[in-house]
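Hi there,

Have a look at the model first, then read on.

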Amino acid sequence: MSRPVAPWHLGIVATTLVAAGPAAAQTVPLPGAVPLPASVDFRAPFTAGERVRILSGYSPTGGSSLHDGTDRTSYANDYYALDLVYADRPDSGLGRDVLAPLDGVVVKAGWASAGWANYGQRVILRHDLGDGHVYHTLYAHLSRIDVSEGARVGRGETIGALGRSCQGALSCSSFSTPHLHFAMHRDSTIGGSGTGGSYGGHAVVPEAFDGAEGLAQGDVLTSSNATGPTCGDSSCDAGEDWASCPADCAAPRVEGTEVVARVQTVLAQGADGGPRFEGDAGAPGPSTPGPRSGALVGNGCSVSGRGPGERTPTWLLVLVSVVFGARRRRRAASGGWAPARDAG
Ligand SMILES: [Zn+2]
């Protein structure tokens with residue numbers, strides 16, 4: 001099954017067609033694995049404009065015996081992992097930047113140990129893609145790490161550098177080519193032995209991957225990853241708001257904010273003997289203090305003997321009601337609007 005490819009990807013797809021042969025349809029996940037949410041605009045984790053070659057593709061027969069598992073409960077599910085290299089750079093891009101493909105939070109950054117030691121220096125990011133699931137992406141064998149655990153990163157931000165770290169040493173005997181091991185998991189658990197990893201959950205098919213689908217060993221595509229949010233991608237990224245990108249972000253709840261601010265004003269101004277609405281030009285508003293003493297019986301408790309300056313919730317509620325009623329009546333009489341309580 002294929003889904004529409006955004007217009008800015010068309011040039012990339014055309015390049016892929018030439019470089020990698022006819023593009024297959026989007027990969028259908030094997031049992032236990034899941035697709036990306038359709039709204040996600042996923043970019044390769046390399047610098048924009050760089051060509052990305054898939055050194056090892058999906059499955060243990062795609063170039064790495066470690067790419068295995070779709071929903072195992074006690075292992076990482078890396079069947080749809082990819083080993084990526086910079087196609088046009090010396091040493092497969094050793095030391096070149098690895099970028100976050102999506103906004104996220106760093107949950108692991110540093111050397112993996114015990115059962116995860118093959119990953120070497122690795123970063124794990126957590127992502128909220130808006131479908132109620134938790135997603136993790138993994139970046140392994142790094143030669144450098146630029147982020148700390150707990151930090152927020154934006155799409156296009158550098159998180160480390162491509163390397164061949166493994167087993168706490170420079171490299172493993174199982175591979176000699178520097179590369180980035182990239183994997184994505186849905187609803188996995190972070191932890192386990194040693195310094196921990198991402199395991200369990202479901203392997204995620206990371207397509208469309210910069211516009212390319214049906215990824216296989218030897219494919220080459222071009223990264224379009226870039227720093228900063230992209231307006232129009234249906235994701236209200238960090239740095240975007242309704243004013244700068246109304247296509248992605250919801251309008252603020254203005255009227256609700258106004259009500260809260262006015263109640264806070266009443267509380268603050270009532271402390272010195274009587275509330276005033278200084279914001280109502282030409283209409284000072286009520287300045288008579290609220291009830292100061294007497295007995296209030298309303299909730300089964302008798303409260304008596306309140307002294308000067310003490311306030312009760314009852315007069316506050318009455319006051320707010322009277323003032324808003326007056327404002328509504330004034331506005332209605334002058335042909336103005338009747339305020340909505342929730343414009344969100
Ligand atoms: Zn790998």
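Helices (H or I, at least four residues) and strands (E, at least two) are taken as DSSP runs and numbered from the N terminus. On that basis the chain has 3 helices and 17 strands.

Two notes on conventions. Residues are numbered from 1 along each chain as its sequence is written. The model is predicted, so local features need pLDDT of at least 70 and side-chain atom pairs count only at pLDDT 80 or more, while totals for chains, interfaces and linings use all residues.

I call a residue buried if 20 or more other C-beta atoms lie within 10 Å of its own, exposed if 12 or fewer, and partly exposed in between, with C-beta atoms placed from the backbone. Buried residues make up 35% of the 344 in the chain.

Strand β2 (residues 51–56) is mostly covered, with 5 of its 6 residues buried. Two strands pair if DSSP finds at least two bridges between them. β2 runs antiparallel to β15 (residues 220–222), joined by 3 bridges, and valine 52 stands opposite leucine 221 there. β2 is also antiparallel to β3 (residues 82–86), through 4 bridges, where arginine 53 faces valine 85.

Now to alanine 109, which sits in strand β5 (residues 104–111). Why does alanine 109 count as buried? Because 22 other C-beta atoms lie within 10 Å. Its C-alpha atom is 5.9 Å from that of arginine 122, 13 residues apart along the chain.
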